[in-house]
Amino acid sequence: MLDADFEKLYGEMERQHVKPLWTAERAIVPAEPKPKAVPWLWKWNKLYDFASRAGELVTLDRGGDRRAMGLSNPGLGGAPYATPTLWAAVQWLNPGEVAPAHRHSAQAVRFIIDGRDTYSTVQGDKVYLERGDFVVNPPWCWHDHGSDGDTRAVWMDGLDIPLNNYLDASFFDTGETDVQQVTAVLDQSVLKYGTGQLRPAWEAPTQKYTPLSTYKWAATEKALNNLAKVDASPFDDVALEYTNPHTGKPVMDTITAWVQMLRPGIHTKAHRQVNSAVYHVFEGRGASVIGGVRFDWEQGDFFVIPSWTYHEHLNESRSDRAILFSVQDTPVLVALGKYREEALAANNGHQAVKEVFNGEKVLAHR
C-alpha cells in the first residue's frame, strides 16, 4: 500500500513539474564540485593547420564577421565551450583584411599569438599590436580589428559567452561601417595610462573597466623578469595578473587573465581552485599534471584546467624558460562568494602521475 502511495505522489508531482529533493539529494547538492568539463590539450600544429586552411576557404562574411575556431571541451556534450563559463578560440586574419566593427554584451579579451602591422580599435582607440600584447574589449564597446601588413595575424580570444548565454543576457550589434572612426590619438590609451602607476592629474580614476585597451608585451616581459628576481609562487612560479591600474582589480567583471613564467628546472606544487582556466603556451615547452594525468605541451598549444582539479606545472629544461598565458573565471566565483583554494598535502605537494594524456584513448573510453 505504501509503495502505491509513493507512486501516486511521485506521478502527481511529475505532472505538475515538481521534483523531490530526497530522491536525488547528492546529485543536486554534491559533497564537492563534480565538473563536467575535462582536462584537455589542443596541439598547435593541428590548430594552425585548421586556421590557415580556413583562411583560404572562409571569407569573413561566411565566417560571421570573425574567422574564429572555438575550443570545444569533450566533457560538455558538443558545446563550443572550453569550460562551462569560458569560450576560447583561435582567430585568423588574412593580410589586408578587416574584421568589421561590432559590439556585444559578452566580456572579451585577446592575446596576440603572432602578426605584425595588425591593429585593434576599441571605442575609437586604435592600437597597433604585436606578439604577446593583451587586448581588452569591455562589454558593449565597439571594436574592429585589421591588418595593414602583408602577413597574417593570429590571436587567442577569451569571452564569457557560456555564462552570458546561461544568464540569458546576450546582446549583439553590428556597426554601420566595417571600420569605426578613430577618435583618439594613435595608441592613446597606451601612451596615456601605460605606465600603470601614474594617471593624468586632472582625471578621476577609471573604476569600472581598465583605461588601457592594450597591455604591451615589452612591459609585461619586463615585469615578469623583475618579479623573478625577488619572489615566486610555489604553485605557479612567476605569475602576474593583468589588472586595472587605477583599482588593482581584474580587467573584467567575469574574466581575469594571467601571464606566468616557469623558470628552468621548476616543478610547482599542486593545488586546486573553484574556478576554471584556459591556458596558451606562449613560449617554451613543459608539462602540467592535471587530475593525475600528465599533459606535455609546447609553444602554441592550449590546455584547460576544470574547476576543483589538482594541477601542477613542470619546466624540465635546464636553460630555457616557459611562458603561459591564461584566462580564468575567478572574478565570478569571488563576487559570488564561491571561490576557494586548496593545496595538495600528500606526497610533498605532488600528484602521482597515473598516465600521459592521449586524446584518442580518452575519447575511445567515453
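Reader: What is the strand order in the open sheet of six strands?

Author: In this predicted model, the order is β2-β3-β10-β5-β8-β12, and the pairing is antiparallel.

Reader: And which strands stand at the edges?

Author: Those are β2 (68–70) and β12 (214–215); each has a single partner strand, so one side of each is left without a neighbour in the sheet.

Reader: Which helix packs on that sheet?

Author: Helix α3, residues 44–57, packs there and touches β2, β3 (87–93), β5 and β10, while its direction makes about 50 degrees with that of β3.

Reader: How many bridges are there between β5 and β10?

Author: Six bridges link β5 (residues 108–114) with β10 (residues 153–159) in the antiparallel sense, and within that pairing V109 stands opposite G158 of β10.

Reader: Changing topic, is β17 mostly covered or mostly exposed?

Author: Strand β17, residues 285–290, is mostly covered, with five of its six residues buried.

Reader: Which strands pair with β17?

Author: β18 (residues 293–298) runs antiparallel to β17 and is joined to it by six bridges, with V293 as the bridge partner of I290. β20 (residues 311–314) also pairs with β17 in the antiparallel sense, over four bridges, and there H313 is the bridge partner of S288.

Reader: What happens in the hairpin of β17 and β18?

Author: Two residues lie between the strands, and G291 takes a positive phi near 60 degrees.

Reader: Last one: how far apart are the end C-alpha atoms of α1?

Author: They are 20 Å apart, which agrees with the 20 Å that its 14 residues (2–15) should span at 1.5 Å a residue. Just after α1, H17 takes a positive phi of about 60 degrees.

Note on methods:
Residues are numbered from 1 along each chain as its sequence is written. This is a predicted model: local features need pLDDT of at least 70, side-chain atom pairs count only at pLDDT 80 or more; totals for chains, interfaces and linings use all residues. Side-chain values use heavy atoms; hydrogens and water are left out. The expected span of a helix is 1.5 Å times one less than its number of residues. Two strands pair if DSSP finds at least two bridges between them. Contact means heavy atoms within 4.5 Å. Axes are lines fitted to C-alpha atoms, for helices over the stretch in contact, and angles run from 0 to 180 degrees between N-to-C directions. Buried means under 20% relative accessible area, exposed over 50%, partly exposed in between (1.4 Å probe, protein chains only).
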